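Reader: I'd like a close look at the open space in this model and at whatever is built around it. Please keep it to one part and follow that through.

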Amino acid sequence: MKISNTPNNSSTITGFILLGFSCPKEGQILLFVLFSGVYLLTLMGNGSIICAVHWDQRLHTPMYILLANFSFLEIWYVTSTVPNMLANFLSDNKVISFSWCFLQFYFFFSLGSTECLFLGIMAFDRYLAICRPLHYPTLMTGRLCINLVISCWVLGFLWFLIPIIITSQMSFCGSRIIDHILCDPGPLLVLTCQKAPVMELVFSTLSPLPLIITFLFIMGSYALVLRAVLKVPSAAGRRKAFSTCGSHLAVVSLFCGSVLVMYGSPTSEHEAGMQKIVTLFYSVVTPLLNPVIYSLRNKDMKKALKKFLRL
């Protein structure tokens, strides 16, 4: 990575300036307390699901194994942004080093891509369970479940690897201010010495692609699930099937909806304030709500959580 100073700025550049939320010092402290609480609740909520699945033998099924892995992913996803955000609230200069900026860039987008893939295989699991109930135990085996989990992590972390390596080798000139809450490709590419339309096209294509493919796959899976559920003769059976899928659909709607708003259109179309709010929603709020959504709508999970909390 090469850094060039403008003639009016001869000081040594040691990193980017991540503006975050611009407000007085008192407001920064209030935000620090608020997001510290949100972060701890997110860790506790997702950690509780992982422990409940681990300790309750009844939950050692593909559906809950995937859910536990998803909760583990959410812990790392929120950790890729919030700790640095908290440090930023208390910082006077709000400088983030070049290496940490690109590490955050890589892990945030890689974990986001992995989350998209996880939502896809969770929909696939529900499709098999409802549309192929007799063949489900032989189709969704423990080995297949583990292979799907590993594939999600590997593909998710390979998706943005080359574009981020290329971006990290580009030259940056003039202003080093990133008007965002994290190192995002849009604001970063604006700081390059030369316009990089190819890289902008690559990121505008790669960013929404995993989400769009996964979203279409999920919608296709649930269209088949809906058709199968409507053929169930009893109302109780239909309610149980819809309850099983409802939590997953709620999480998909929250995550996919906000990410599509952010990356489904060119970054330049969104004001900086809107970018921060939308990014905050899918990167911080959604991981906080996921444990609540899955536990409230799932009797087995509620029983397991009560059992775990009594230990």
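**The largest pocket and helix H4**

Author: Four helices, namely H2 (62–79), H4, H11 and H13 (299–309), each put at least two residues into the lining of the largest pocket. Helices here are DSSP runs of H or I with at least four residues, strands are E runs of at least two, and both are numbered from the N terminus. Before going on: this is a predicted model, with local features needing pLDDT of at least 70 and side-chain atom pairs pLDDT 80 or more, while totals for chains, interfaces and linings use all residues. Numbering starts from 1 along each chain as its sequence is written, and side-chain values use heavy atoms, with hydrogens and water left out.

Back to the pocket. It holds about 610 Å³ of space. Its lining has 23 residues, with Met63, Tyr64, Thr244, Asn298 and Asp300 closest to the centre. H11 has the largest share of that lining, six residues. By class, the pocket lining comes to ten nonpolar, six polar and seven charged residues. (Nonpolar is Ala, Val, Leu, Ile, Met, Phe, Trp, Tyr, Cys and Pro; charged is Asp, Glu, Lys and Arg; the others, Gly among them, are polar.)

How many cavities of 30 Å³ or more does a search of the whole structure find? Three. On a 1 Å grid over the protein atoms alone, a cavity is where a 1.4 Å probe fits but cannot get out, a pocket is an open set with protein on both sides within 12 Å along at least five of seven lines, and lining residues have an atom within 4 Å of a point. Volume is the space filled by probe spheres set on the points, which are joined across faces, edges and corners.

The largest cavity has about 140 Å³ of space. There are 14 residues in its lining, and Phe109, Gly112, Ser113, Ser207 and Val259 sit nearest the centre. H4, H10 (209–230) and H11 (235–263) are the elements giving that lining two or more residues, and H4 gives the most, five. That cavity lining has eleven nonpolar, three polar and no charged residues.

The axes of H4 (residues 98–131) and H12 (residues 272–296) come within 13 Å and cross at roughly 40°; axes are lines fitted to C-alpha atoms, for helices over the stretch in contact, with angles from 0 to 180 degrees between N-to-C directions. From H4, Phe108, Glu115 and Met122 meet Thr279, Tyr282, Ser283, Asn290 and Tyr294 of H12, contact being heavy atoms within 4.5 Å. That contact splits into four nonpolar, three polar and one charged residues.

H4 also lies across S2, S3 and S5, at about 80° to S3. Those three strands make an open sheet with mixed pairing, in the order S3-S2-S5. S3 (95–97) and S5 (177–178) are at the edges with a single partner strand each, so one side of each has no neighbour in the sheet. S2 (residues 15–18) runs antiparallel to S3 over three bridges, where pairing takes at least two DSSP bridges. Isoleucine 17 is opposite valine 95 in S3, and phenylalanine 16 is opposite isoleucine 96 in S3. S2 and S5 pair in the parallel sense over two bridges, with leucine 18 opposite isoleucine 178 in S5.
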